[in-house]
Amino acid sequence: MRKYQFLPHMADVKLKVTASDFLELLRGALEGMNALIKKDACKTNESPREVIKKINLPAQEKSLMLIDFLNEVLTLSQIHHAIFCRPQFKTLKNRTLTIQIWGKKVSGFDEDIKAVTYHDLNIIKNKQGLLETLVVFDI
Amino acid sequence: MKLSKKELKKISDVSWEIPKGFSEFMKVPARIYATSDALEDILKDQSLEQLMNVAALPGIEKVALAMPDVHEGYGFPIGGVAATSYPDGVISPGGIGFDINCGIRLLKSSKHIDKIKDYIENLTQEIYRQVPSGVGRGGALRLKTKEMDHVLEQGASWMVKHGYGQPEDLDDIESKGQLLGANPRCVSLHAKQRGQDQLGTIGAGNHFVEIDSVDQIYNEEVARVFGLFSGQLVFLIHTGSRGLGHQVCTDYLREMVRVMKPRYGIDVPDRQLVCVPFSSQEGKNYFSAMACAANFAWANRQMITWEVREAWQTVLKGNGGDLAILYDVAHNIAKVEEHEIEGQKKKVIVHRKGATRAFGPGHPELKETFRKVGQPIIIPGSMGTASYVLVGTTQAMEETFGSCCHGAGRRMSRRQAKREVTGSKLYDELRKKGISVQAGSMRGLAEEAPLAYKDVDQVVRVVHQAGIAKKVARLVPVGVIKG
């Protein structure tokens, strides 16, 4: 289970993500970021398998892993002009989380996200027992 | 800890101070330049709490500063200035921001608006055609690996060497468009890939090219030195280091966040304020990479200058004359500078995040003509409103590490702006005011609506009244080109 919503922020974009576990939190945050970069790009019927990339995230504090994951995908999006959907969390080997991710080329983006920030970063367990975090994007 | 106005000490009608003792963490006081009314607005967001965090950075010198265009950022407030001791004070990528050397350049024509007004529509269209803008749009120049490294080391001078400008252009750029200490090996492959096709592009957001006319001259003598006259047609170019700079900041934040506490014992209240000693290996590497990104930004504005000059010659059929640079200033940068602190000349690392260098008369870094009067400062307003040319002062050297504001400053979120105004309505309003507009998206136009920004006239009045910059000329837009 995962969901995201955008909250007001003076100059940038604040994303609230709630999920049942950490991997779902990564998926939810990615969906939120993709909704900003190119709305509904992951929902179209075009082949999603145009670019396949692997991301290795060394195990560390989970909030840092979240930001590293989003920044890595953002970088891949910018370099390959693609939207990366459907992450597959392959292995947690040697304390490294390996993520295979499929991207589809797009002709342009809706929003120019400069980076995913560490601002006020925290992952908490909310009253419903779900993981919850706020992510600020510099746009 | 949320501040209230009564906790601030009034220094003058336009300056306020949070005393050092207000929080046990603050190492220096924090000063805010604002009118009483504007201060009340500033207190509504987290700007000043963020400024207090800046005042707690290891090695901070003298005072943490907020300019009148200050608004909440992440880590540092936007419109913040802080100097740390050299070489063992900290350098903080968050004190510079992701858009390293986002800045502004002013080009002067020798033409009066009355002679050119029939060309403005075509000129706006031609600039939109020549200067790629918008999200993800690349430019005509795609750099090979070696060429990229040369651009990162040499900045604007590489562009001039390759025909994208004249040698005299370099004299009118802060640091001559080349920050020393740049080392391309400190820039990741990802960063270079993000920047590979982005030279000569403005991007999106608040970046733009604008055609303006000089509406009012406040200081005839300085205007003459700057080559400005009433009615003159000028151009503003506002953009930065694009994806390359964003990636440099991301890469080094990631590295520093891991070593800051275990290796250097530094703790900060917001991870976006992450920092390391300037003299540490991570600090040196970041500074070298940041200098590369700053150079890339100057090369970018140089390439756009070339594109604007091409558009000018095309539309005026070669009869427009030259477009000379008045000046090019950085808004987001860290520099090693010498300033007087407690009566002693001292080297410091000046972080300017959403702030402009404002060196006063006599500064050795300025070219001879400017050394007599002070450095030109270019303050863009929001879309459709006035912009200003100011001059740096001796008082800025004494009070603000030679710095002043950088623009109008946001007062409303992008989302709220879009709720309050539609892009098409704004487009019509600008057209009614006689401003020609070329924009990649109506949504982007709405996000940058003037109502989303503070009143630039007020912001400039504050720095003028405070004496940290003096008004020289006011510009009004006649053409706007946005991504």
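Student: Which residue is the bridge partner of Tyr74(B) in strand 5 of chain B?

Tutor: In this predicted model, strand 4 (residues 64-74) and strand 5 (residues 76-85) of chain B run antiparallel and are joined by four bridges. Within strand 5 of chain B, the partner of Tyr74(B) is Phe76(B).

Student: In what order do the seven strands of the open sheet in chain B lie?

Tutor: The edges are strand 1 (9-12) and strand 12 (332-341) of chain B, each of which pairs on one side only. Neighbouring strands of the sheet are turned by 40° against each other on average, direction ignored. The pairing is mixed, and the order is 1-2-3-4-5-13-12.

Student: Which helix of chain B packs on this sheet, touching strand 2, strand 3 and strand 4?

Tutor: The strands touched are strand 2 (15-18), strand 3 (30-33) and strand 4 of chain B. The direction of the helix makes about 145° with that of strand 4 of chain B. The element in question is helix 16 (residues 456-466) of chain B.

Student: Are helix 2 of chain A and helix 9 of chain B roughly parallel or roughly antiparallel to each other?

Tutor: The axes of helix 2 (residues 62-80) of chain A and helix 9 (residues 242-264) of chain B come within 12 Å and cross at roughly 160°. Angles over 145 degrees count as roughly antiparallel. The two helices are therefore roughly antiparallel.

Student: How many charged residues has the contact of helix 2 of chain A with helix 9 of chain B?

Tutor: Residues of helix 2 of chain A, including Asp68(A), meet residues of helix 9 of chain B, among them Arg254(B). By class, this contact has two nonpolar residues and six polar ones, and the number of charged residues is two.

Conventions:
Residues numbered from 1 in each chain as written. Chains lettered and ligands numbered in written order. Predicted model: local features only at pLDDT ≥ 70, side-chain atom pairs only at ≥ 80, totals over all residues. Pairing = 2+ DSSP bridges. Axes fitted to C-alpha atoms, helices over the stretch in contact; angles between N-to-C directions. Contact = placed C-beta atoms within 7 Å. Parallel < 35°, antiparallel > 145°, perpendicular 65-115°, else oblique. Nonpolar A, V, L, I, M, F, W, Y, C, P; charged D, E, K, R; others polar.
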